[in-house]
Amino acid sequence: MTEHYTVLILLMPLFGALVTTLLGRERQNACWLTALICMATSSLFAIGNIGRILASGSGELRYRMGGWQESRGYEVGIELRVDMLAALVVAMVVLVGFVNMIFSKTRVAGEMKDKVSFFYTLKQLLIVGLCGIVMTNDAFNLYVLIEITSLTSYALIAMGNRRAALSSFNYVIMGTIGASFYLLGVGYLYIKTGTLNIDDISLRMQHQYGEPSLMIAFALIMLGIWIKMAFFPLHGWLPNAYSYAPSMVGSFMAPLMTKVMVYVMLRVMLWLFEGEYVYSGRLVWGELIVWMAIIAIVAGSFLALACTDIKKMLTYLIVAEVGYMVGGAWLADGAGITGSMYHILSDAAMTFCLFLAASIVILRTGDHRLTAFTGLFRRMPLTMTGFTIGALSMVGLPPTCGFFSKWYLISGGIDVGHWSYVAALLFSSLVNAVIFFRIIERAYLGKLEEVGNESLPLDADGGPPMTLDRVPYSMLLSLLIASGSVLLVGIYNETLVGWLKAAIPSL
Amino acid sequence: MIEESFLPLITWMVSLLAVPAILLLRRNPNARETSTFVAAFAKLGLVAAMVPMVLDGRVLRFSFGEILPGIPLEFRVDGLGILFALVASSLWILTTLYAVGYMRGLKEHDQTRFFACFAVSISATIGVAFAGNLFTLYLFYEMLSLSTYPLVTHHGDKEARSGGRTYLSHLLGTSVAFVLPAMIYCWVRSGGDMSFTDGGFLAGKIGAGDGLIVLLAFTLGFAKSGLMPFHSWLPNAMVAPTPVSALLHAVAVVKVGVFCVIRVFTGVFGTDFLGELDVATTVSWIAAFTVITSSLIALSQDNLKRRLAFSTIGQLGYIILGVSLLSPLGVTGSILHIAMHAFGKITLFFCAGAIYVAMHKKYVSELVGIGRKMPITMTAFAIGSLSVIGLPVTGGLVSKWYLVMGTAESGQIALLVVFLISSILNACYFLPIVYRAFLCRPEESLYDGDRQEAPLACLVPLCITAALSVFSFFNPNLFLKLAGLITGVQY
């Protein structure tokens, strides 16, 4: 049984998607419960999977879909390959999915109207896609799974408010271009090697690394992935898409989509191609990418600083965080790569936490501007506590996970002596400090009279200070778990980084 | 001799445990304040219990887990740490008593939040005092910045907001921009070791150029030490209620800043290694500049608390100047000055608060003749002033003596002159206040009528701290012994 854990992570939501479609729009609670149970079991399998990897000597698990045996030395069928990095990312995906499902309980009916069952179906399919991307060991299969996640997310985003449709359309255009670039690159690789299995491609490419066609393949694949992960200046689709999407979609996609694509980038750089090739200096633009990452960090921070809309601001911060990870990965240094990997997890935790808190605040105040936070510490102490933990992590204060990812990334920068990257990280921390303490100060000391009451419809409590937040328990619970994970990922960083280090192929 | 023990952990945690009690008892102020007192006395008792062990030459250590590769959360109690903890925890009791009188006297709002944040701040302070490695130090340093923010902005008005903004932006900004990269640099260069050791864990692992940059990043980055140009948070933080200014901005927070700098000098680099690198003179001159400039600014301040704040900046400059001399006597003087200045300055702040509670006056120009109205308070004020100036019969003289000896020992005569000029300036901005409070002509006096002191809860603490200032002149042995554990100076 245990050897099937890997595939069961995928199958549970797939099965759940089928059931929720059949249940139909009449039985909303049943849909929710099915999805929740599927995500819960999937999470258990994902955690079990981590345990199996720890127990296995090789540090990786392989699973042949359909039991196709290899023939004449290479894979015929689709293979799943899970190492520690993949196992952690997959666990992150399903756990965020699970917690987000708790969050969705009371919101779906309000935001989705008559599309409730479609929502659950699409969302579970999206999770299937993301898990598949992380675990598959087949370059073409990866493309298919990217398309699955893209198509489902276009639909999910379009379910949002009236500006969502246009944002989703932008995303369709950009996403399709990105996916096409990736497919083209894979096409080149297939021509050169005659196989699609990542390990086999890698093995057969080894004596061809000098060839320009491989460089073109690599460039195309990277370009495709960068569009998908919103690497500045290819980020144009992201802010609108995530901020106009329904709250439970935005708070799910924002922490996961870009991070999974960063994972794909690392996979392509270190496993499909080899670190030796990528960092060898054969690619003259290696150094250039770090500089682009620096620009991404600085630009993302500035754009976020200029925002007055809380969700927009958070999405621009994602753009900056993507810069962190791309920069770390391209530093050509063990600590940088580890930092990049760890930041996948830690950024997911803090983005999730902040998006949930922001969604709750928007729901409660009916206002998506930063002014909505005025005086909120008294009216919504729990939500604001969760928000503050996420904010401190973004600023990078211990013991939150944001501090530790900065620690590893900066030590990577110091290792190779790339001081401008270090400076960019520090700059972004300072800008984040300004951004978030501006909000926290407003929430803590702001007086409602200053902003005018008409924008705060739910403010008529007049009750004593420190009453509860007056939002559904399911939402507070999910926020509590998310903010707890920010701290846990931080405190256990040493363990996580130890595991991740073991997964990196030697440079 | 290093010894594993839970005492440091318990000492650190006692005040944190008081927080839930304070929050639960919010409807009953007396019970709430009792829980603070219980925690404060327990804390002082625990610290006092550790003093003899430390004097025996034992180092108490408690480490937990491995937070970063090779770096646990580590408490380590040595002479310097216990001295600071002793000062902070004993003054916490007095400040609590004072705060009860002050906050109730002025009928302040949100007292529960106030006392809860205060307890957290003290925990963070003790955490810094006992920190056994750079990471632990940084952790509690940041915890202190955040937990004091609600205290600084307690009044919640416009002034408090802008003061709070300056406060956080200076303290967090510098620590993230300077200390964090310097710390990671140390981690990379030292090969993953960050525990403070007597000779410094960075000794021999870094060149002079890098050494200077790292040293400056640390000394300027720990902006709680009030070194110019990152000093302006301190005068702005005076919008806080006076008990906060007294304990935190004369003792805990600012002393945490200089404490961190001393740790960097002694535990990270090691004074011998810094002497080899020959980079500490830069810090000396920054400190000397701070000392003189802040004293000059203090002369022109009419707001009493702001004048005290600028005086504090100057006195903190003394401490950094002393340690940057790298001579055993200078470092001893710095360590002593942590304690001596604490007693003197907290007395002055208590007096300023008492004047505000009793008379609602906060400007120096309004204090003419107040000596007749509040003789006890103003006598204490006079003693505190003497201590800060460094005149007998107060403890300030003892530490200043060592500091001046330090300049002589290291042959820095120019810096000796700095000390002398600064002492004269100190006298210039304190003594006129005392003089005009007592010795003005009756027609100049702004006050008439009977004596009218602040409530007893305010009056008793300031008498005790004034007495401590005098006592530490006659009997500074304990502090000298504890400082000697670090510097090796026998008295």
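Predicted model: local features only at pLDDT ≥ 70, side-chain atom pairs only at ≥ 80, totals over all residues.
**View 1. A three-stranded open sheet in chain B.** The strands run in the order S1-S2-S3, with mixed pairing; a strand here is a DSSP run of E with at least two residues, numbered from the N terminus, and two strands pair if DSSP finds at least two bridges between them. At the edges sit S1 (2-4) and S3 (71-77) of chain B, each pairing on one side only. From one strand to the next, the twist averages 40 degrees, with axes being lines fitted to C-alpha atoms and angles running from 0 to 180 degrees between N-to-C directions. S1(B) and S2(B) pair in the parallel sense, over three bridges.

**View 2. Where chain B touches chain A.** Here 23 residues of chain B are in contact with 21 residues of chain A (in contact: C-beta atoms, placed from the backbone, within 7 Å). On the chain B side, strand S2 (59-68), helix H5 (134-152) and helix H6 (158-189) each supply at least two residues; a helix is a DSSP run of H or I with at least four residues. H6(B) gives the most, with 14 residues.

**View 3. Chain A as a whole.** Chain A has 22 helices and two strands. Its radius of gyration, taken over C-alpha atoms, is 22 Å, close to the 23 Å that the globule rule gives for 507 residues, so chain A is as compact as a globular protein of that length. That rule is 2.2 Å times the number of residues to the power 0.38. The C-alpha trace of chain A spans about 75 × 55 × 45 Å along its principal axes.

**View 4. Around Val93(A).** In the largest nonpolar core, which has 392 residues, Val90(A), Val93(A) and Leu83(B) touch the most other members. Such a core is a set of buried Ala, Val, Leu, Ile, Met, Phe, Trp, Tyr and Cys residues joined through C-beta atoms within 7 Å, where buried means 20 or more other C-beta atoms within 10 Å of a residue's own. Leaving aside neighbours within four places in sequence, Val93(A) is in contact with Ile127(A), Leu130(A), Cys131(A), Val134(A), Leu256(A) and Val260(A).

Methods: Residues numbered from 1 in each chain as written. Chains lettered and ligands numbered in written order. Contact = placed C-beta atoms within 7 Å. Buried ≥ 20, exposed ≤ 12 C-beta atoms within 10 Å, placed from the backbone.
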